[in-house]
Amino acid sequence: MLFAFGRSIGRRGDLGMTSACVGALFVPVRIHHDQLEVRTHHKGLYEVTDEVQAKIDRSGVRNGTVTVFVQHTSCSIVIMENADATARDDLEEFFNRLVPEDADYFTHGSEGSDDMPSHIRMALTRTSETIPIADGRMQLGTWQGIFLFEHRRAPHHRKLFVTIIGE
């Protein structure tokens with residue numbers, strides 16, 4: 001597959017080495033797919049920044065982007081402060097008050113009282129984040145980290161998909 005001035009030329013779904021056309025210059029582009037598995041113990045934020053960076057290191061991509069996507073409807077991916085745990089505690093408390101588990105207006109609750117609130121919390125946040133990569137490092141701010149935000153009380157086994165694209 002070739003990318004010519006931002007348009008894809010070739011078969012849809014091609015993976016691996018491709019080329020990007022910039023004028024008459026062709027630059028090899030790598031596409032690397034990987035997975036992370038996170039075991040949660042309860043509601044809360046679970047940092048995955050170092051694990052994502054390790055995937056980038058193994059991919060060999062020096063400049064490009066990384067996308068982290070969680071394949072679930074009751075947790076999310078957020079970029080949050082990673083220096084002071086009280087900031088994360090405050091975020092969790094805010095969501096507990098914004099979307100309480102004991103609301104009498106929810107009808108969906110097949111998996112318990114935290115079922116529908118967890119879906120709403122996911123919808124208010126995101127299931128993916130994309131971060132630029134320069135010189136082999138994610139370009140996160142000084143106090144930023146990538147977190148799985150678990151919205152359920154019970155332990156879960158969460159799958160995160162990591163896609164790294166670049167040169």
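Reader: Is strand 7 largely enclosed or open, and how many of its residues are buried?

Author: Happy to start there, keeping in mind that this is a predicted model. Strand 7 covers residues 75-81 and is largely enclosed by the rest of the structure.

Reader: Where is lysine 43 found, and is it buried or exposed?

Author: Lysine 43 sits in the loop between strand 4 (25-40) and strand 5 (44-47). Its relative accessible area is 19%. Buried means under 20%, so lysine 43 counts as buried.

Reader: With which side chain does the side chain of lysine 43 make a polar contact?

Author: Good one to look up in the structure! Leaving aside neighbours within four places in sequence, lysine 43 is in contact with several residues, including Glu92, Glu101, Arg121 and Glu150. The polar contact, at 2.4 Å, joins the lysine 43 side chain to that of glutamate 101.

Reader: What do the buried residues of helix 3 pack against?

Author: In helix 3 (residues 115-124), the buried residues are Asp115, Pro117, Ser118, Arg121 and Met122. They cover an arc of only 165° around the axis, so they lie on the same side of helix 3. Ala123 and Leu124, on the other side, are exposed. The buried residues pack against strand 7 and helix 2 (85-98).

Terms used:
Residues are numbered from 1 along each chain as its sequence is written. This is a predicted model: local features need pLDDT of at least 70, side-chain atom pairs count only at pLDDT 80 or more; totals for chains, interfaces and linings use all residues. Side-chain values use heavy atoms; hydrogens and water are left out. Buried means under 20% relative accessible area, exposed over 50%, partly exposed in between (1.4 Å probe, protein chains only). Helices (H or I, at least four residues) and strands (E, at least two) are DSSP runs, numbered from the N terminus. A polar contact is a pair of N or O atoms within 3.5 Å; within protein, one must be able to donate a hydrogen and the other to accept it, and residues adjacent in sequence count only if both atoms are side-chain atoms. Contact means heavy atoms within 4.5 Å. The arc is that of the directions from the helix axis to the C-beta atoms.
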